[in-house]
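User: I'm new to this one. Could you walk me through it?

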2 protein chains.
Amino acid sequence: MNPGVSMEVAPTRVIEAALKLALDELDLPATLKEAMAYATLGGGKRLRPMLCWHSAAAMGAPGACSLPAGIAVEFVHAFSLIHDDLPAMDDDDLRRGKPTLHIHAGEAMAILAGDALEAASFAALVGPAVPKGCVAELLRELSAGTLGMIGGQVLDTLGTPGVVSPQDALEAIHRSKTGALIVAACRMGAILGLAHGGRTMLGFELGAITAYAKAIGLMFQIVDDLIDVEQPAEAAGKRTGKDAAAGKLTYPSIHGVQASREAIQRLHAEALQAVGPLGPAASGLVSLAEVLSARTS
Amino acid sequence: MNPGVSMEVAPTRVIEAALKLALDELDLPATLKEAMAYATLGGGKRLRPMLCWHSAAAMGAPGACSLPAGIAVEFVHAFSLIHDDLPAMDDDDLRRGKPTLHIHAGEAMAILAGDALEAASFAALVGPAVPKGCVAELLRELSAGTLGMIGGQVLDTLGTPGVVSPQDALEAIHRSKTGALIVAACRMGAILGLAHGGRTMLGFELGAITAYAKAIGLMFQIVDDLIDVEQPAEAAGKRTGKDAAAGKLTYPSIHGVQASREAIQRLHAEALQAVGPLGPAASGLVSLAEVLSARTS
């Protein structure tokens, strides 16, 4: 265990540079790459790559060893936003404070750029920076996270047949739509961290990281629901109030605003408890949980 | 080398069953799986899994060892058809003689089912049937083939800026749009065949398979262009004449029908020559080239 790794400088710039480089290196038509870059490099919190980074660090490895996983999950996230924004889906024209990709480059290009980012995410798992022995495990996590996310999107957009209570339906949507990819991000970071020979594997590490990720994932979505209810569009950088307008299930609409705030506190505490046994190496994950519980955009 | 493997029974039914099983096993909402099955199991020539199969056999291995690769490339092919048919793309309402998925299940579901099939294709590369040592290589081939295909689709749908002659533009589109995934199919089959310990690797096998695949891929597309010009929709099972109607570049529109027929013969001969050194084990690939050169739907 190496507590020093938690003192690494904030990795946001490193992640940004790695995303740009990964896009530059793709052998694709220039127009397609421009569309992919427009949607991927246009800001964003980089939550998922940060989770990869700090999960690797929690294993006692340098956070930077997580970058292939970080690129992969961020590409999946970017592709899902592009497709979610399409007219046939959420029909959104504003994302991160600028026009969505189908407004900027047309609907056909938005569909294809999303498809290409999904493929590029899997391509990020092969390369000199990924130990060959990890590839199968990383691939399993990334495909499970991506499929879980898409499954959640289906339930969210097209309904949850067979689920009776709105509480259960909402839980199923939230756990898969946002949660699956967040779990994949943390586990992939931890797998790379373990492979890069940080902490001696004691057997509980992946379980701890998974419990943290599940709590954070649900918390993230409840915070998102609250932002949609409480923040004006200018502050959030996207159209807000749209969940209610679309009659979508949200945590505040079912449980109320006060109960939503309490759930956030409870899940925050759960996340901290999960990574407690990892000691000071998990301090990055602890800070991230704090930031996420309090965000307003 | 084991010439006996080329005597295997036609694998189409085995491939069909493997595709169905792979879909059944996915942990996804039932509505999504139904949409994926509608688009994947509704007929189709299974050309790409057949190429995987016979490429593995050409390495002296049982063709069945190629099934994970066959599932992967067929899922990619199915996802690309779903998205290509969307209103914002080719706007097709008929595919394999029945309504396209967005007509059958709505546009949102078609977008999401395509996305899910793309992820499921990568998920097919991890499992007990895939030697762990192959996963990174297979992943590299599949992602390159998928990205190449999408890049070709961008050029085909949205134009080829910077390319001056229509001949060069068409060649670039054909080589990537159809060719990239066909090359991936053959190479993935061969990689699995080699891993399953058929023929002693002499170093030229992957090169031979790649040359075969490139010839077959271009030939396939020229045959497709001819079908679009010459066959009525009922025979082809899809709307024909649409390339000309859409002003798309095709081989016959640039080079004429007679020159297209000659190109098919030349590419057919090239393919046979490429796999000659593999001996009788390549007889499945030889038969497939024959069938593909003469198809009318």
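Analyst: Here is a quick tour, from one chain to the pair and then to some details. Keep in mind that this is a predicted model.

User: Okay. How many helices and strands does chain A have?
Analyst: Chain A has 14 helices and two strands.

User: And what share of chain A counts as buried?
Analyst: 56% of its 297 residues.

User: What about contacts in chain A between residues at least 6 apart in sequence?
Analyst: Of those, 75% join residues at least 24 apart.

User: Now the pair. What rotation puts chain A on chain B?
Analyst: A rotation of 180°, with 0.0 Å of shift along the axis. The RMSD is 0.0 Å. The two copies are therefore related as by a two-fold rotation axis.

User: How many residues are in contact between the chains?
Analyst: 39 residues of chain A are in contact with 39 residues of chain B. Both copies use the same surface, as 100% of the contact residues of chain A recur in chain B.

User: Which elements give two or more residues to the side of chain A that touches chain B?
Analyst: Helix 2 (30–40), helix 6 (107–123) and helix 7 (135–158) of chain A. Helix 7 of chain A gives the largest share, with 14 residues.

User: Is that side of chain A nonpolar, polar or charged?
Analyst: It divides into 27 nonpolar, seven polar and five charged residues.

User: Switching to helix pairs. How do helix 4 and helix 6 of chain A cross?
Analyst: At roughly 160°, with axes that come within 8 Å. That angle makes helix 4 of chain A roughly antiparallel to helix 6 of chain A. The crossing is left-handed.

User: Which residues meet there?
Analyst: Helix 4 of chain A brings Ala72(A), Phe75(A), Val76(A), Ala78(A), Phe79(A), Ile82(A) and His83(A). Helix 6 of chain A answers with Ala110(A), Ala113(A), Gly114(A), Leu117(A), Glu118(A), Ala120(A) and Ser121(A). By class, that contact has 10 nonpolar, three polar and one charged.

User: And in chain B, at what angle do helix 10 and helix 15 pack?
Analyst: Helix 10 (residues 205–230) and helix 15 (residues 283–294) of chain B pack at about 20°, with their axes 10 Å apart. That makes helix 10 of chain B roughly parallel to helix 15 of chain B. Their crossing is left-handed.

User: Who makes that contact?
Analyst: From helix 10 of chain B come Tyr212(B), Ile216(B), Met219(B), Phe220(B) and Val223(B). From helix 15 of chain B come Leu285(B), Ala289(B), Leu292(B) and Ser293(B). Eight of these residues are nonpolar, one is polar and none is charged.

User: Is Arg46(A) buried or exposed?
Analyst: Buried, because 20 other C-beta atoms lie within 10 Å, and 20 or more is the cut-off.

User: And what about Arg96(A)?
Analyst: Arg96(A) also isn't a glycine, and its phi is positive at about 55°. Arg96(A) is in the loop between strand 1 (94–95) and strand 2 (98–99) of chain A. Arg96(A) is partly exposed, with 15 other C-beta atoms within 10 Å.

User: Last one. Where is Ala195(B)?
Analyst: In helix 9 (residues 179–195) of chain B. Ala195(B) is partly exposed, with 19 other C-beta atoms within 10 Å.

User: What does Ala195(B) contact, leaving aside neighbours within four places in sequence?
Analyst: Pro131(B), Gly133(B) and Cys134(B). Leu86(B), by contrast, is 39 Å from Ala195(B), C-alpha to C-alpha, and 109 residues apart in sequence.

Note on methods: Residues numbered from 1 in each chain as written. Chains lettered and ligands numbered in written order. Predicted model: local features only at pLDDT ≥ 70, side-chain atom pairs only at ≥ 80, totals over all residues. Contact = placed C-beta atoms within 7 Å. Helix = DSSP H or I, 4+ residues; strand = E, 2+ residues; numbered from the N terminus. Nonpolar A, V, L, I, M, F, W, Y, C, P; charged D, E, K, R; others polar. Buried ≥ 20, exposed ≤ 12 C-beta atoms within 10 Å, placed from the backbone. Axes fitted to C-alpha atoms, helices over the stretch in contact; angles between N-to-C directions. Parallel < 35°, antiparallel > 145°, perpendicular 65-115°, else oblique. Left-handed = near helix turned anticlockwise from the far one by under 90°. Least-squares fit on C-alpha atoms with pLDDT ≥ 70 in both.
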